[in-house]
Amino acid sequence: MKLLICAMALVLATSVYAQRVNPLLTPSTLPFQAPVFDKITDADFQPALEEGMRQQLQEINSIANNPAPPSLVNTIEAMERSGALLRRVEPIFNGMTSSNTNPTLQKVEREEAPKLAAHDDEIYLNAKLFARVKAIYDMRATLKLDPEALHVAERYYRDFVRAGALLSEADKTTLRALNKEESTLETDYRNKRLAGVNAAAIVVDDRAQLDGLSDADIAAAAQEAGRRGLTGKWVLTLQNTTQQPALASLKYRALRKRLHDASSARGTGSDANSTGTIITRLAQLRAQKARLLGFPNFAAFALDDQMAKTPDNALKLMNDVVLAATARAREEAARMQKLIDQEGGGFMLAPWDWQFYAERVRKADYDIDESEVRPYFELNRVLNDGMFFAATRLYGITFAERHDIPAYDADVRVWEVRDADGTPLGLFYGDFFSRSNKDGGGWTSSFVSQSTLLGTRNVVTNNENFTKPAPGEPALLTSDDVQTMFHEFGHALHSLFSTVRYPRSNGIVRDFTEFPSQLNEHWAFDPVVFANYAKHYKTGAPMPPALVEKIKKTKTFNQGFSTTENVAASLLDLAWHMIPADAPAQNVSAFEADALKKYHVDVPQVPPRYHSTYFSHIWSLGYSARYYSYLWTEVLDDDAYDWFMEHGGMTRQNGNRYRQMILARRGSQDFAAMYRAFRGRDPVVGPLLRERGLAVTKITKTN
Ligand SMILES: [Zn+2]
């Protein structure tokens, strides 16, 4: 009897197992088709991705072989509808490999990335399909298309041409091989970079060396050590950037140097996490790809479909900034050297000293430090009374937390977003804290994208890497963290307000995509918004007016440094992507030194924001030759912010106009034209220099 029960239980278990359906294969029945994170397992992704590609190729072949003459509906719209399964799975998979990865997912990623790249090639190098797209493109003027349909038809044609549709069969084969190699190398790069950042964490044996860090930071370092089986020690983990937050407070200079050296050396050397070979090959093969497609270098190819159009335009903008930025950085360095000398330090300011002495100068000149500020930036207050509050004020939208929607980690929270009239707009996920299985930095992505053609709304997610507080402690943010939150939420709003018909219209070019996010940063320091959230986490007391004034003053503080490290990274990126196709593999450190010298951004104390070996943006995150976009879009956001100020500031009327003319339109129109319509003219750089405090203050009379 006992045996029988066991046997039955086994049968039952087996049948339950056998009946389990891969949840990714059917549309989610959750609100807004939110991913069913409580049901999805790691093993579900690979079969769903493969099936998704198979289904889409079948659909694409039917479109290509349709005997009816090509029309917008039977070709472009049919392509827009194709690949429903892949469209569902891929964003969730990408989300998990970025925010919640593990060796299983990394293996799937490694295996599927080249297949996904080859899948895109199958579509964009399908000659019959291209003939139909080209037919529509050629007769577009006579088809009486509405502006969005016309724009989509043109973008499809350009997408095909950029993917190689006009190439000979032999060149198409070469291109396919280059794409496949590129995608494999990008995945290798990502995994090595993540392993590298974990391996580079600094282990400290002696608590005395941590002098200067707050008790909370020391507790977090002890916790991290415990997690790594190093109980009794302290571990300082690294962030993506060259400069590390702890450098601002560590008093022990030798530890600062150790931390900075570990950060800068990531990916160099010849160990398992070295990325040098990968990036030199990536630069080379991208150049070869560009030559095949008729461009002198990869940057020319990459910028051809951007708002900037050419590398020269991007270089011009940066050159306009370099002189003012490096001159200010040298002034800042001199000010710090003076402080070191006054104290009898007896050393020259080095990159690992910059954050520490900048903090000292800030205290001396502005009498402010982050530990004084952080108690007023408690995460939940910043979120509800700042970020959400500002959005309600500008656009009338509201937020209701949904505890019933499953997430992939206990720390991830979900809200439903509603329009002013109560109409649902979509879901917003917040994944705020750093984890070892999560990419560094902050970013926004969508699990589901809006399209009236498909009847979908947005399910959008914000990722940050704030330090997770010890249990029971509040999450107290730095002013940079607050800015990052508003930034990523600007991206989220851009998605949530989308009113496009075609999924393709959701494609935003890199040198426009950071404009709405950076504009949203301005509202964090709007006086009304700021007063609403910046309250002491214990007492609820508003931030004292004197401290608010100091924070405002510090907005231009250290901007010589920040702008220089940013523009150095941007120029380094362009340099890597302007090498000719026949150039040999480069020596990474020599190439980097040459490039920084050539563009006059070789300030010894100000290394680039990312050194080449750990510059994820350009090697694996889609910013290749487009890192300049951050500065370019800052020109737009400061200029657009001026428009708000010229028209009465943060009003619902202004918010609605901006929402309708920019955010809601996504990529359904030419970006330069869209901006011009909103602003009434092309953007100008003056507001950026003013906002960063880099505007020329001394005018030399020449007459
Ligand atoms: Zn951004």
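Two residues are counted as in contact when heavy atoms of each lie within 4.5 Å. The structure described here is a predicted model, in which local features need pLDDT of at least 70 and side-chain atom pairs count only at pLDDT 80 or more, while totals for chains, interfaces and linings use all residues. Residues are numbered from 1 along each chain as its sequence is written, and side-chain values use heavy atoms, with hydrogens and water left out.

The protein chain contains 27 helices and seven strands; these are DSSP runs numbered from the N terminus, with helices (H or I) of at least four residues and strands (E) of at least two. The radius of gyration, taken over C-alpha atoms, is 26 Å. The C-alpha trace spans about 95 × 85 × 60 Å along its principal axes. Of the 703 residues, 55% are buried, where buried means under 20% relative accessible area, exposed over 50%, and partly exposed in between (1.4 Å probe, protein chains only). Among contacts with a separation of 6 or more, 75% join residues 24 or more positions apart.

In soluble globular proteins, nonpolar side chains tend to be buried together. A nonpolar core is a set of buried Ala, Val, Leu, Ile, Met, Phe, Trp, Tyr and Cys residues joined through side-chain atoms within 4.5 Å. The largest such core has 143 residues, of which Phe 377, Phe 486, Phe 512, Tyr 533 and Met 543 touch the most other members. Helix H13 (residues 311-342) supplies the largest share of this core, twelve residues. Another core, of 28 residues, lies apart from it and includes Ala 34, Leu 49, Leu 85 and Val 89. Leaving out residues up to four places away in sequence, Met 543 touches Val 373, Tyr 376, Phe 377, Phe 530, Ala 534, Val 548 and Ile 551.

His 487 and His 491 are separated by about one helical turn, because they are four residues apart in helix H17 (residues 479-496). Both histidines are buried, His 487 with a relative accessible area of 9% and His 491 with 12%.

Asn 465 is located in strand S7 (residues 458-466) and is buried, at 16% relative accessible area. Its side chain reaches the backbone oxygen of Asp 439 at 2.9 Å and that of Gly 441 at 2.7 Å. Excluding residues up to four places away in sequence, Asn 465 touches Gln 239, Phe 432, Phe 433, Ser 434, Arg 435, Lys 438, Asp 439, Gly 440, Gly 441 and Trp 443.

Gln 605 lies in the loop between helix H22 (588-598) and helix H23 (616-619). With 18% relative accessibility, Gln 605 counts as buried. The C-alpha atoms of Gln 605 and Ala 329 are 9.0 Å apart, although 276 residues separate the two along the chain. Contacts of Gln 605, again not counting residues up to four places away in sequence, are with Ala 333, Leu 349, Pro 351, Trp 354 and Phe 561.

Key: A polar contact is a pair of N or O atoms within 3.5 Å; within protein, one must be able to donate a hydrogen and the other to accept it, and residues adjacent in sequence count only if both atoms are side-chain atoms. The radius of gyration is taken over C-alpha atoms; the globule rule is 2.2 Å times the number of residues to the power 0.38.
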